[in-house]
Amino acid sequence: MVRILVPGEEAVESENIGHDGTVARTPGGGVSRPIPGLWLGDVPTLPHIASGKVREIYEIDEDRLLFVATDRISAYDVILPQPIPDKGRVLTGVSRFFFDLLDVPNHLLSTDVSSVDGLGDDEIPHLSGRAMIVRRVEVIPVECVVRGYLYGSSWREYRDGGGPTTEHLPDGLRMADKLPEPIFTPATKAVSGHDENITEAQTRQRLGDDLYEDLRQRSIEVYLSASDHAAARGVILADTKFEFGTTADGEVILIDEVLTPDSSRYWPADRWAPGNEIPSYDKQFVREWLDQTGWDRTPPAPDLPADVISGTRDRYIEAYEKITDLSFDDYLDR
Ligand SMILES: Nc1ncnc2c1ncn2[C@@H]1O[C@H](COP(=O)(O)OP(=O)(O)OP(=O)(O)O)[C@@H](O)[C@H]1O
Ligand SMILES: [Mg+2]
């Protein structure tokens, strides 16, 4: 969750992200020494309105935002001390690819940062490929998760006797099993910690029945198209998360990043074996390295060695190329 800053407030005081790599979820916590290189979305010429773990958001005008994906990487909700070069470009490239492919109302207006008035010539190369000009919305505060396979927090709920995400599932499933049909398992952005899965009844209560049905239907449709697309490339889209927002004129549109390795669990289809853990095209590589260091998952995270940084970068790029069928070098050249 990001905190919207009031004018004049410094981003570094955000309660969500400390640029030392801490993600403090409680007011006043977590910020200390800045680490050079992590503030990779700096755009001094536009008003800065919010900081997330990965993104920096700037105001272009009343209706439009500049949505910048930095190279920051978080694991276990802690921002790691080193960025992964070009990760923000991978996330923006994949989102943009799917916004173009999917025929659904969304927030992307353009990725041509040279069209933004007020940006300096020195800022444009730094932003190109990693920034999107988006419609500004009021964010609907429910994370629209769709799952086609039983894994992650849903598997843990199921194994431990059931929870919000498993209320419509049959008995007898194994970890990583394909579900009879994709399920909509919303979560809330908890102010104090990890996202929290919520039941259908709780979601209906928050959204109202009409908006609930609308978001469920849209989320599942987008999941199905994207998973067909991925399957044709030897990739399983196990689950993904969408966000939606309401424009000033009341239209509900798809926002945020879409179908990226950060918001989705992608598996190489030939590694899928139900009953087992499946490697994914995401942060698993860096998480495994962190785990073997004995780190206790509280800030600060250990410094990443060069080979872990480059191995992580390679995996993000591999994900881009697998999913889009395009060369990442060509993306960088555009
Ligand atoms: N078109 C939009 N207008 C306004 N806010 C948006 C729009 N699209 C996305 N957002 C918000 O911008 C933020 C993106 O930042 P980032 O992904 O870095 O956050 P985060 O650390 O993942 O935290 P979280 O996603 O849980 O808020 C999200 O809070 C998202 O809800
Ligand atoms: Mg996010």
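Author: The chain has eight helices and 16 strands. The model is predicted.

Reader: What percentage of the 334 residues is buried?

Author: Buried residues account for 41% of the 334 residues in the chain. As for contacts between residues at least 6 apart in sequence, 63% of them join residues at least 24 apart.

Reader: How should I read the largest nonpolar core, and which residues have the most contacts inside it?

Author: The general idea first. In soluble globular proteins, nonpolar side chains tend to be buried together. In this model the largest nonpolar core has 71 residues, and those with the most contacts inside it are Tyr58, Leu66, Phe67, Val94, Leu237 and Tyr266. Domain 1 (3–136) and domain 2 (139–287) both contribute residues to this core, so the core lies between them.

Reader: Take Tyr58. Which residues does Tyr58 touch, leaving out those up to four places away in sequence?

Author: With those left out, Tyr58 touches Val43, Leu46, Pro47, His48, Ile49, Leu65 and Leu66. Leu66 is also among the core residues with the most contacts.

Reader: Which residue in β8 is the bridge partner of Leu108?

Author: Val134 is the partner of Leu108 in β8. Strand β7 (residues 108–110) and β8 pair in the antiparallel sense over two bridges.

Reader: Now the ligand. How many residues surround ligand 1, and which are the closest?

Author: Ligand 1 is surrounded by 19 residues, the closest being Gly52, Lys53, Arg55, Ile255 and Asp256. By class, the shell has nine nonpolar, three polar and seven charged residues.

Reader: Which strands each supply at least two residues of that shell?

Author: β3 (55–61), β8 and β14 (235–246) each do. At the level of domains, the shell takes at least three residues from each of domain 1 (3–136) and domain 2 (139–287).

Reader: Is Asp256 buried or exposed?

Author: Asp256 counts as buried because it has 21 C-beta neighbours inside 10 Å, and the threshold for buried is 20 or more.

Reader: Where is Asp86, and what is its phi?

Author: Asp86 is in the loop between β6 (78–79) and α1 (87–101). Its phi is positive, about 75°, although Asp86 is not a glycine. Asp86 counts as partly exposed, because it has 19 C-beta neighbours inside 10 Å.

Reader: Which residues are joined by a cis peptide bond?

Author: Pro299 and Pro300 are, with omega about -5°. Pro300 lies in the loop between α6 (284–292) and α7 (306–324).

Reader: How do I read a loop residue such as Ala248?

Author: Start with its place, which is in the loop between β14 and β15 (252–255). Next comes exposure: Ala248 counts as exposed because it has 11 C-beta neighbours inside 10 Å. Last, look along the chain and across space: Ala248 and Val137 are 111 residues apart in sequence, and their C-alpha atoms are 6.8 Å apart.

Reader: And Gly163, by those steps?

Author: Gly163 is in the loop between α3 (152–159) and β11 (178–184). Gly163 is partly exposed, because 17 other C-beta atoms lie within 10 Å. Gly163 touches Glu157 and Asn197, not counting residues up to four places away in sequence. Thr199 is 36 residues from Gly163 along the chain, and their C-alpha atoms are separated by 8.0 Å.

Key. Residues numbered from 1 in each chain as written. Chains lettered and ligands numbered in written order. Predicted model: local features only at pLDDT ≥ 70, side-chain atom pairs only at ≥ 80, totals over all residues. Core = buried A, V, L, I, M, F, W, Y, C linked by C-beta atoms within 7 Å. Buried ≥ 20, exposed ≤ 12 C-beta atoms within 10 Å, placed from the backbone. Domains from an automatic or database assignment. Contact = placed C-beta atoms within 7 Å. Pairing = 2+ DSSP bridges. Helix = DSSP H or I, 4+ residues; strand = E, 2+ residues; numbered from the N terminus. Near = placed C-beta within 6 Å. Nonpolar A, V, L, I, M, F, W, Y, C, P; charged D, E, K, R; others polar.
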